[in-house]
Amino acid sequence: MFLCAASVASADSRVFIIANQADGYGVDQCLARGEKCGAHAARSYCRSRDFAEASSYRRVDPDEITGSVPKAAESCSHARCSEHVAITCQR
């Protein structure tokens, strides 16, 4: 009997948390909502950091970012507040 074991290569990935401010073009909302229209921006962000692709992108709640978001941003309630987006990049 011959057994062949295949090892799964884990992809090198990294999550970047970035401020997602309104740019007037709607890209910020595409990223924050994880919509398909944000794919190009997320991929471009990853490629600018020597990664091949973006495997995911989404809005991040301030509670998920311990100590990184100033309290003023957490309590902001008007439309010009910045959101934060997590972009997961893979090599």
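**Basis and confidence**

The model is predicted: local features need a pLDDT of at least 70, and side-chain atom pairs count only at pLDDT 80 or more, while totals for chains, interfaces and linings use all residues. Residues are numbered from 1 along each chain as its sequence is written, and side-chain values use heavy atoms, with hydrogens and water left out.

The pLDDT is the predictor's confidence in each residue, from 0 to 100. Its average over the protein chain is 77, and 69% of the residues score at least 70. Helices (DSSP runs of H or I, at least four residues) and strands (DSSP runs of E, at least two residues) are numbered from the N terminus. Among these elements, helix 2 has the highest mean pLDDT (94), and helix 3 (residues 71–74) has the lowest (51). Over residues 1–9 the pLDDT is below 50, and beyond near neighbours in sequence this stretch has zero contacts in the model. A contact here means heavy atoms within 4.5 Å.

Three strands form an open sheet in the order 1-3-2, with antiparallel pairing. Strand 1 and strand 2 are at the edges with a single partner strand each, so one side of each has no neighbour in the sheet. From one strand to the next, the twist averages 20°. Such angles are taken between N-to-C directions and run from 0 to 180 degrees, with axes that are lines fitted to C-alpha atoms, for helices over the stretch in contact. Two strands count as paired if DSSP finds at least two bridges between them. Strand 2 and strand 3 pair over seven bridges in the antiparallel sense. Within this pairing, Ala54 has Cys89 of strand 3 as its bridge partner.

Thr88 also lies in strand 3. With a relative accessible area of 17%, Thr88 is buried. Leaving aside neighbours within four places in sequence, the contacts of Thr88 include Ser13, Val15, Cys46 and Ala54.

**Helix 2 on the sheet**

Helix 2 packs on the sheet and touches strand 1, strand 2 and strand 3; its direction makes about 115° with that of strand 2. The buried residues in helix 2 are Ala42, Tyr45 and Cys46. Seen down the helix axis, these buried residues fall within an arc of 100°, so they line one face of helix 2. The arc is that of the directions from the helix axis to the C-beta atoms. What covers the buried residues of helix 2 includes strand 1 (13–20), helix 1 (27–32), strand 2 and strand 3. On the face turned away from the buried side, helix 2 carries the exposed residues His40 and Arg47.

Asp50 is not a glycine, yet has a positive phi of about 65°. Its relative accessibility is 64%, so Asp50 counts as exposed.

**The disulfides**

A disulfide is a covalent bond between the sulfur atoms of two cysteines. In this model, a disulfide is a pair of cysteine sulfur atoms within 2.5 Å. By this rule the count is two disulfides.

| Pair | S-S distance | Angle about the S-S bond |
|---|---|---|
| Cys30 and Cys37 | 1.9 Å | -105° |
| Cys46 and Cys89 | 2.0 Å | -80° |

The link of Cys30 and Cys37 is left-handed, and the link of Cys46 and Cys89 is left-handed too. Cys46 lies in helix 2 and Cys89 in strand 3 (residues 83–90), so this pair ties together parts that are 43 residues apart in sequence. Cys46 counts as buried at 0% relative accessibility, and Cys89 counts as buried at 0%.

In the other pair, Cys30 lies in helix 1. Cys30 counts as buried at 11% relative accessibility, whereas Cys37 counts as partly exposed at 45%. Not counting residues up to four places away in sequence, Cys30 touches Glu35, Cys37, Gly38 and Tyr57. Cys30 and Ala42 are 12 residues apart in sequence and 9.8 Å apart in space, C-alpha to C-alpha.

Key:
Buried means under 20% relative accessible area, exposed over 50%, partly exposed in between (1.4 Å probe, protein chains only).
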